[in-house]
Amino acid sequence: MNMPNETHVLRLRLTPQAYVWGRVCLVVCMLGMVTGVARADRVATDLIALYEFTEAKGDTVRDRSRAGTPIDLVIDKPGNVQWRHGALVIQRGVAIRSVERARRLTDAIKQSNALTVEAWVKPANTRQDGPARIVTMSDNTSNRNITLGQDGGKYDARLRSGSTSENGIPSTASPNNSLSTDLTHVVYTRDASGNARIYLNGKQSASKKVGGKLDNWNTRYHLILANELTGDRPWLGEMHLVAIYKKALSPKEVEQNFMAGGGTVITAAMRDTSAKLFEAEVAPILARHCLECHGWKSKKGKLDLSQRNLAQAGGKSGQVILPGSAAKSELFKQVLSNDMPDDRPPLSRREKQLLRHWIDTGAVWSTASIERSAYVKPIEPGGNWLRRLTVTEYIETVRVAVGVDIAEDARATLPRDLRADGFSNTAYNLGVDMAHVEGFAKLARTVAQRMDVPKFAVRFTKQRKFDDATLKPMIAAMGKWLLRGPLEPREIDAYLSVAQAVRKEGGDFDEAVSFIVEAMLQSPRFVYRVEKQRGDGKPQPVTGYELASRLSYILWGGPPDDALLRAAAKGELSTKAQVEAQARRMLRDPRARKHSQQFIYEWLDLGRLDYMRPNAKKFPKWEDALAADMRAETLAFYDEVVWKQARPMNDLFNAQVTIVTPRLAHHYGLTPGTSGGVTRYDLSGLPARGGLLTQGSVLTVGGDEGSMVTRGLFVLHSVLRGHVEDPPPCVDTTPVPTKPGLSQRGVALARLANPACGGCHARFEPLAFGLEKFDGLGVHHEKDHHGNTLRDDGELAIPGRDKPIKYQSSAQLMDLLAASDRVKQTMTWKATQWAIGRPLDESDTAILEDIHKAAQRGGGTYSSLLTAIVTSDLVRKTRTEPQP
């Protein structure tokens, strides 16, 4: 009997063209938000004075217009102001005035008969009046050339001309209540034809005719900020930029300056753009080009670009990133000149443009740190991968769906799932070849033969009539259960044709059901977790049935139950609260406890123990059964700590308990239990033991010699989530010759002293110093076979910390790891990767931070962590592929 002809289109991942186009669109949108004007493009034509308040200290505000002799300003009462990055905060009355008369400005404006006064300001309150002077060229309260000020809840501009008084009356004002205490871009313009305008945040707010020439301007007046020359019209607030032009800026130019910000003014829209740029483009650039020299370990020039707070603080030469001004940022200067990266290919033109735009729009870090491991892998960002069931998931799905234990047959028939990126459920590595196709067909026949067909069929219909009217609803109900969601009409018809063929050949009702089940068990919808991925290229919520499957396979490792399918049908998986309620229900089910062991099995690669073959001469007492005992110890220990005691996941590193067989107890030097079975040991009196890293299942990763290299790399990658590059091609990787009789620490120290090896090996080998007393099979010794006294003291260098932490024993090392937030974060990352079945990339980092915070608020337990994962957007949403 042939399988029905199904027409599922299986999208394995986003096409390269779709990905590239989506990325281009993202960058174009970010680089040209609203107007398409780049941040650095302030209007420069006819600029005659510019004050950006970047001095950061002192009593002088520099004119940076480069328009002739600078007109610098002096703060008459420096104690009444406070410098902040890119701003001057005026806290009490002060006059900021030009030393000399502002004749250069007066003459230029008289000649052009036009002007613009521009300011980025943040008023202290809405009650200042007089008007309180923001920018003025005047002599006293009654005589002026131009004043831009605050009059309560509005801005007011007074201009002396042939049609106004010496006091600039009548004035031009913005509407009542148009002034707020927010950072505001305010611009006053008056063109040669007498058209005066006030703009607020890039939009015209007021206009008025102010005719007459400006040739009556007085050349004796000073330029003053924040007060009148007489000191009786003070203005309080923040000044971020003041600019004067000898022309009236056009509406487009005003908008251009608003979008550009000017100086180091950063608007909310710009910060949003900067944050998106950081996540999508800048963090990968820094990870791939900068962190090798300026990461947590190397910190060349005392500059660490891997952490937000450290990067903002700068290096030994001071601040290197000036938010709002790439041109003044030493980091960008070095990149632009190709002096960075050092001895590496320079950044591309596009990468330089992105870095510049990120700094100019605020240099916003959307995450606290850059996880280099999330950017260095050659994985297509945003890739969608179709999830085939792993062999373990297939076995559990068959057991739950039809009640048949197919484990032994499946493991003997299907190819073994291979590990990729640390886990064997990594979607991109779960391919299907002819061995799978043949294997699934064979297993489907076996299952159909073993199952109780009448008992199974009665779940979906009480009728036994062998007609289409009975079969159609039965197929729909059966398909919804087996294929984890409703069938489309064409699918129902396809399976109905199977029954019709059986009927035509003289078969009966049960035979028809058996063949239908066999067909369904080979369906892509059974073998794969098929989801709809078409959309607009942006993340979209998954359907209720898709989410039901995600929840069940993440929490149980098998298909959804009736309660989940009912919730999906009723639309009761649409809110975070509803998903959380289901997660809590499911985590109370024994299946969650059983499935959770798959996480630690995968994370620690416990399957590796099946292939251990220690050197018989070196370890003559080794028994192959010890490998299985070691794995059983770790799984039992995990169950004890995580489930029985419900402790935080990080306690796995220092919990003073273990559960071992008599054989393994003897191997460790423990007193075997009297019961003859597994025994629970309190290790509080054995400081050398306690925690995952002191168990044989982990210690054997170092091979027969207990290699510092392999153990150190394990701690770096799997515990601290660090990364080390492969040696550059120019480096001689020939092993450093060692002297006979050295301990493993001695061998490691020789490597660390070698210039060709030490730079990289210093990042991971010392991480294993605390494990030196354990031999290759996890037995604890005070001396090695050469008679060397072994040590377990050392220093723990945690990515992101300035200085290593010293410890005196392996017990102290375990306590440090258990208390480290970095290790807690690793547990979040590893569990999330295992749950969603794909490597994590840069686009996931912000959500991962939210998951981690939520899990820690819940106590850091397995249940709180998995609840945070399944209620996050990584599970509740899917990456979509744009429609062609």
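This report walks through the overall build of a predicted protein model and then visits a few of its strands and helices.

## The whole protein

Let's start with the big picture. The protein has 884 residues, and 55% of them count as buried. Its secondary structure includes 31 helices and 26 strands. If you follow the C-alpha trace along its principal axes, the protein spans about 105 × 85 × 45 Å.

The accessible surface comes to about 37800 Å², and carbon and sulfur atoms account for 51% of that area. Contacts also reach across the sequence: among those between residues at least 6 apart, 69% join residues at least 24 apart.

## An open sheet of eight strands

Now look for a sheet made of 8 strands. The sheet is open, its pairing is antiparallel, and its strands follow the order β2-β3-β6-β15-β8-β9-β10-β11. Which strands sit at the edges? They are β2 (60-61) and β11 (172-173), each of which pairs on one side only.

At the β2 end, 2 bridges connect β2 with strand β3 (residues 73-75), and the two run antiparallel. You can find this pairing by looking for valine 61, whose bridge partner in β3 is leucine 73.

Strand β15 covers residues 222-225, and both of its faces are covered. His222 and Ile224 lie on one side, Leu223 and Leu225 lie on the other, and all four are buried.

Strand β6 (residues 96-98) pairs with β15 in the antiparallel sense over 2 bridges, and isoleucine 96 has leucine 225 of β15 as its bridge partner. Strand β8 (residues 132-138) also pairs with β15 in the antiparallel sense, over 4 bridges. In that pairing, serine 138 has histidine 222 of β15 as its bridge partner.

## Strand β5 and its two partners

Strand β5 (residues 87-90) has Ala87 and Val89 pointing one way and Leu88 and Ile90 pointing the other way. Buried or exposed? All of these residues are buried.

Strand β4 (residues 81-84) is joined to β5 by 4 bridges, and the two run antiparallel. Here tryptophan 83 stands opposite leucine 88 of β5. Strand β16 (residues 237-245) pairs with β5 as well, in the antiparallel sense over 3 bridges.

## Two crossing helices

Time to turn to helices. Two packed helices are described by the angle between their axes and the distance between the axes. For helix α24 (residues 708-719) and helix α28 (residues 821-836), the axes come within 9 Å and cross at roughly 70°. That angle makes α24 roughly perpendicular to α28.

Which residues make the contact? On α24 they are His717, Ser718 and Val719, and on α28 they are Arg822, Val823, Thr826 and Lys830.

## An enclosed helix

Our last stop is helix α30 (residues 862-870). Of its 9 residues, 8 are buried, so α30 is largely enclosed by the rest of the structure. To see this for yourself, look at the buried residues of α30: Tyr862, Ser864, Leu865, Leu866, Thr867, Ala868, Ile869 and Val870.

Technical notes. Residues numbered from 1 in each chain as written. Predicted model: local features only at pLDDT ≥ 70, side-chain atom pairs only at ≥ 80, totals over all residues. Heavy atoms only, no water. Axes fitted to C-alpha atoms, helices over the stretch in contact; angles between N-to-C directions. Parallel < 35°, antiparallel > 145°, perpendicular 65-115°, else oblique. Contact = heavy atoms within 4.5 Å. Buried < 20%, exposed > 50% of the residue type's maximum accessible area, 1.4 Å probe, protein only. Pairing = 2+ DSSP bridges. Areas by Shrake-Rupley, 256 points an atom, 1.4 Å probe, with all protein chains shown as cover.
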